[in-house]
Amino acid sequence: MESDSPHLRGRLVVFEGIDGTGKSTQIKLLAQYLQEHGIEVVTDYEPTRGEWGMKVRNAALSGERLSLEEEINCLLQDRREHVREFIEPALNRGAWVLLDRYYLSMMAYQGATGVNVEDLRQMNEEFATIPDVAFWLDIPVEMAMERMNARGSDKDAFENETFLQACSAIYSAMEMPWLFRIEADGEIHETQARVREIIRAELEV
């Protein structure tokens, strides 16, 4: 049987949203659920810790951002490597890949900086694997800021309220048949229940 058989190929599930929405927690809970059903699960995030992703991360953590052109170039290079070296090999062996951020983040964050959102989508979909399911974890920006402040970690150049409001507005306008909005401002396990309900309905787990 071919390795790209739909019966063998894994699934790509992406969690999106502004910082403070609980993406990493929901990924961990979903991974446990899938593993209990005998599914191999791998998890990762973007930007990665590779050369290109770290350029964006380090600049943001310094309180500055790269030029918009350089930022987009680095993110695209980072994603190309990620798709080629991690995402596609895992899917082809039948694993489910759960990602904390993918190219919808680029549409939201670089879109909020002024780049045409559909142009950003096209740049990515020329090479990036389309998710089977993506979740937009939606909470009020004020709550996200409170959560980030409670963590006590240093804010990066993307984490200010006005900018995150613009990012949220872009997420809310996205229309893909595989993108699902999840209200994530309640109890953690209530959010996870909504995630699992969609996974069962869409991917039959």
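This is a short tour of a predicted model, stop by stop, with something to select at each one.

**Stop 1: the whole chain**

Start by colouring the chain by pLDDT. The mean is 92, and 94% of the residues reach 70 or more. Now select residues 1-6, where the pLDDT is below 50. Beyond near neighbours in sequence, this stretch has four contacts in the model.

**Stop 2: helices α1 and α8**

Next, select residues 23-36, which form helix α1, together with residues 188-203, which form helix α8. At what angle do the axes of α1 and α8 cross? They cross at roughly 50°, and the axes come within 10 Å.

Show the side chains where the two helices meet. From α1, pick Thr25, Gln26, Leu29, Leu30, Tyr33 and Leu34. On the α8 side, pick Ile188, His189, Thr191, Gln192, Val195, Arg196, Ile199 and Arg200. Sorted by class, the contact of α1 with α8 has seven nonpolar, five polar and two charged residues.

**Stop 3: helices α2 and α3**

Now move to helix α2, residues 51-61, and helix α3, residues 68-92. Their axes are 7 Å apart, and the helices pack at an angle of about 140°. The crossing of α2 and α3 is left-handed. To see the contact, select Trp52, Gly53, Lys55 and Val56 in α2, then Glu71, Asn73, Cys74, Leu75, Gln77, Asp78 and Glu81 in α3. Which classes of residue make up the contact of α2 with α3? There are four nonpolar, three polar and four charged residues.

**Stop 4: Asp100**

Select Asp100, which you will find in strand β3, residues 96-100. Is Asp100 buried or exposed? Its relative accessibility is 17%, so Asp100 counts as buried, the cut-off being under 20%. Leaving aside neighbours within four places in sequence, Asp100 is in contact with Phe15, Lys23, Ser24, Ile27, Asp44, Tyr45 and Glu46.

**Stop 5: Ser168**

Finally, select Ser168 in helix α7, residues 161-173. Ser168 is buried too, with a relative accessible area of 12%. Which residues does Ser168 touch, not counting those up to four places away in sequence? Look for Ile18, Trp136 and Val141.

Before you leave, draw a distance from the C-alpha of Ser168 to the C-alpha of Lys23. These two residues are 145 residues apart in sequence and 15 Å apart in space.

Technical notes:
Residues are numbered from 1 along each chain as its sequence is written. This is a predicted model: local features need pLDDT of at least 70, side-chain atom pairs count only at pLDDT 80 or more; totals for chains, interfaces and linings use all residues. Side-chain values use heavy atoms; hydrogens and water are left out. Axes are lines fitted to C-alpha atoms, for helices over the stretch in contact, and angles run from 0 to 180 degrees between N-to-C directions. Helices (H or I, at least four residues) and strands (E, at least two) are DSSP runs, numbered from the N terminus. Contact means heavy atoms within 4.5 Å. Ala, Val, Leu, Ile, Met, Phe, Trp, Tyr, Cys and Pro count as nonpolar, Asp, Glu, Lys and Arg as charged, and the others, Gly among them, as polar. pLDDT is the predictor's confidence in each residue, from 0 to 100. Buried means under 20% relative accessible area, exposed over 50%, partly exposed in between (1.4 Å probe, protein chains only). A crossing is left-handed if the near helix is turned anticlockwise from the far one by less than a right angle, and right-handed if clockwise.
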